[in-house]
Amino acid sequence: MTKYQRPAIYVGQIFVVELADNIGFGYGYVTLTQPSFGHLINVFRTIGDTRELPSGLRRGGLILTDRLVSDSPFMKSRNNPVPWVLLDASYPEPDAPQNTLFRVGNKIFDMQTALEIKDSTINADSLPTITFPMDDRLTYELTALLSGKQWRLNEEKDVYEIF
């Protein structure tokens, strides 16, 4: 894959995240992919010591479900020096996404169909918005979530921090 080539991502594909501050590794899998918008992912509650999938991963449960991400966490860039690693492995029987709706501006879309949904009964404010961070912000968010810590942008140094 070249520097700017989009990764080939498929439903059930397992990925590994090298967490910030040498905390360890996080693991997850893709539940839905829609090239027009991105991917829905689930992340396990487990922090591992290596890139190898720990045994009993499923028993730990999920800490994050149906998180909307773009290709950017999986792509190396100046601001994302340690991209998430897509493994050549599939998670057996991945959970179907529970919520496939998301917001772009004031429009609502369904990830499964890539079609706009026009339904005034849907609370658009409760839906995730599609974002395309081209840095390692999602790695810091995930590190904080898994470790029970917090993250922030240190604007003075222009870097994210775990605290």
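Student: How many salt bridges does the structure hold?

Tutor: This is a predicted model, where local features need pLDDT of at least 70, side-chain atom pairs count only at pLDDT 80 or more, and totals for chains, interfaces and linings use all residues. Residues are numbered from 1 along each chain as its sequence is written, and side-chain values use heavy atoms, with hydrogens and water left out. A salt bridge is a side-chain nitrogen of Lys or Arg within 4 Å of a carboxyl oxygen of Asp or Glu. By that rule the structure holds five.

Student: Which residue forms a salt bridge with D95?

Tutor: D95 sits in the loop between β5 (85–90) and β6 (101–104). Strands are DSSP runs of E with at least two residues, helices are runs of H or I with at least four, and both are numbered from the N terminus. The partner lies 37 residues away, in the loop between β3 and β4. With the closest N and O atoms 3.8 Å apart, that partner is R58.

Student: Is R58 buried, partly exposed or exposed?

Tutor: Buried means under 20% relative accessible area, exposed means over 50%, and partly exposed is in between (1.4 Å probe, protein chains only). D95 has 34% and is partly exposed. R58 has 46% relative accessibility, so R58 counts as partly exposed.

Student: Which residue meets R67 in a salt bridge at 2.7 Å, N to O?

Tutor: The bridge is made by the side chains of R67 and E141. R67 lies in strand β4 and its partner in helix α1, so the pair ties together parts that are 74 residues apart in sequence. R67 has 21% relative accessibility and counts as partly exposed. A network of salt bridges links R67, R137 and E141. The 2.7 Å partner is E141.

Student: What is the N to O distance in the salt bridge of E161 and R152?

Tutor: R152 is partly exposed, with a relative accessible area of 40%. Its side chain meets that of E161, and the N to O distance is 2.9 Å.

Student: Which residues of α1 are buried?

Tutor: The helix covers residues 137–147. Its buried residues pack against β1 (13–18), β2 (25–34), β3 (38–44), β4 (62–69), β9 (151–154) and β10 (159–162). Just after α1, G148 takes a positive phi of about 75 degrees. The buried residues are L138, T139, Y140, L142, T143, A144 and L146.

Student: How much space lies in the largest pocket?

Tutor: On a 1 Å grid over the protein atoms alone, a cavity is a set of points where a 1.4 Å probe fits but cannot get out, and a pocket is an open set with protein on both sides within 12 Å along at least five of seven lines; lining residues have an atom within 4 Å of a point. Grid points are joined across faces, edges and corners, and a volume is the space filled by probe spheres set on the points. The largest pocket is lined by R78, N79, P81, D135, D136, Y140, L153, D158, V159 and Y160. Its space is about 190 Å³.

Student: How many cavities of 30 Å³ or more are there?

Tutor: The lining of the largest cavity includes W84, R137 and L138. About 30 Å³ of space lies in that cavity. The count comes to one.

Student: Where is N22 found?

Tutor: N22 has a positive phi of about 55 degrees, although it is not a glycine. N22 counts as exposed, at 75% relative accessibility. N22 is found in the loop between β1 and β2.

Notes
Contact = heavy atoms within 4.5 Å.
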